[in-house]
Amino acid sequence: ISKAGVVTERKANFRASAAAMKTINAALGSGDFDVAITQATIIVDWARVMPDYFPENSDMGDTKARPDIWTDFDDFKIRASANEKAALKLISTAKTGDASATIGALKQLGGTCKSCHENFKY
């Protein structure tokens, strides 16, 4: 991760994650569990490395990251981990083919996004 481009890179990853959420929602609407699994994997991969994209002094420039990320980095890492776990849960639930349970897992995943945004994003 280049220090100079870290804000740009993390914003691109967050956009990809948001797009994955929309695609999962649409896929579950049509019963396409394979697409939901593939897209949830994008979220897992991002959540796993997300804290690495918030090095010290990367709170400058075109970012909506709150300083709280760096003052409470352990909590930020816990929330990134919760996002990863929720995406993994969505994958395992989607593999069962249970639409209702998978939609529930998607809602839980969305809750982890919202929780982090409420605490760490302007």
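By about how many helical turns are Arg-79 and Asp-75 separated in helix α4? Being 4 residues apart in that helix, Arg-79 and Asp-75 are separated by about one helical turn, and their side chains meet in a salt bridge with an N to O distance of 3.0 Å. A salt bridge is here a side-chain nitrogen of Lys or Arg within 4 Å of a carboxyl oxygen of Asp or Glu. The structure is a predicted model, in which local features need pLDDT of at least 70 and side-chain atom pairs count only at pLDDT 80 or more, whereas totals for chains, interfaces and linings use all residues. Residues are numbered from 1 along each chain as its sequence is written, and side-chain values use heavy atoms, with hydrogens and water left out.

Helices are DSSP runs (H or I, at least four residues) numbered from the N terminus. Buried residues of α4 include Asp-75, Phe-76, Arg-79, Asn-83 and Leu-90, where buried means under 20% relative accessible area, exposed over 50% and partly exposed in between (1.4 Å probe, protein chains only). The elements that cover the buried residues of this helix include α1 (6–29), α2 (33–49), α3 (68–71) and α5 (99–120). Glu-84, which lies in α4 (residues 73–94), is buried, with a relative accessible area of 15%. Residues up to four places away in sequence not being counted, Glu-84 touches Val-44, Ala-47 and Arg-48, contact meaning heavy atoms within 4.5 Å.

A nonpolar core is a set of buried Ala, Val, Leu, Ile, Met, Phe, Trp, Tyr and Cys residues joined through side-chain atoms within 4.5 Å. The largest such core has 18 residues, and those with the most contacts inside it are Ile-24, Leu-28, Ile-43, Leu-90, Leu-106 and Leu-109. Two or more residues are given to this core by each of α1, α2, α4 and α5, and α2 gives the most, with 6 residues. Leu-109 is in contact with Met-21, Ile-43, Asn-83, Ala-86, Ala-87 and Leu-90 when its neighbours within four places in sequence are left aside. A second, separate core of 14 residues includes Val-6, Met-50, Trp-70 and Cys-116.

In the whole structure, 5 salt bridges are found. One of them joins Lys-11 to Asp-62, with the closest N and O atoms 2.8 Å apart; this pair links distant parts of the chain, Lys-11 being in helix α1 and Asp-62 in the loop between α2 and α3, 51 residues apart. Lys-11 is partly exposed at 28% relative accessibility, whereas Asp-62 is exposed, with a relative accessible area of 58%.

The search for aromatic pairs finds 7 in the whole structure. Rings of Phe, Tyr and Trp (its six-membered ring) pair if their centres lie within 6.5 Å, and planes under 30 degrees apart count as stacked, over 60 as edge-to-face and the rest as tilted. Phe-76 and Phe-120 form an edge-to-face pair, because their ring centres are 5.4 Å apart and their planes lie at 85°. The pair joins distant parts of the chain, with Phe-76 in helix α4 and Phe-120 in helix α5, 44 residues apart, and both residues are buried. Ring pairs also link Phe-76 and Phe-120 into a cluster with Phe-14, Trp-46, Tyr-53, Phe-54, Trp-70 and Phe-73.
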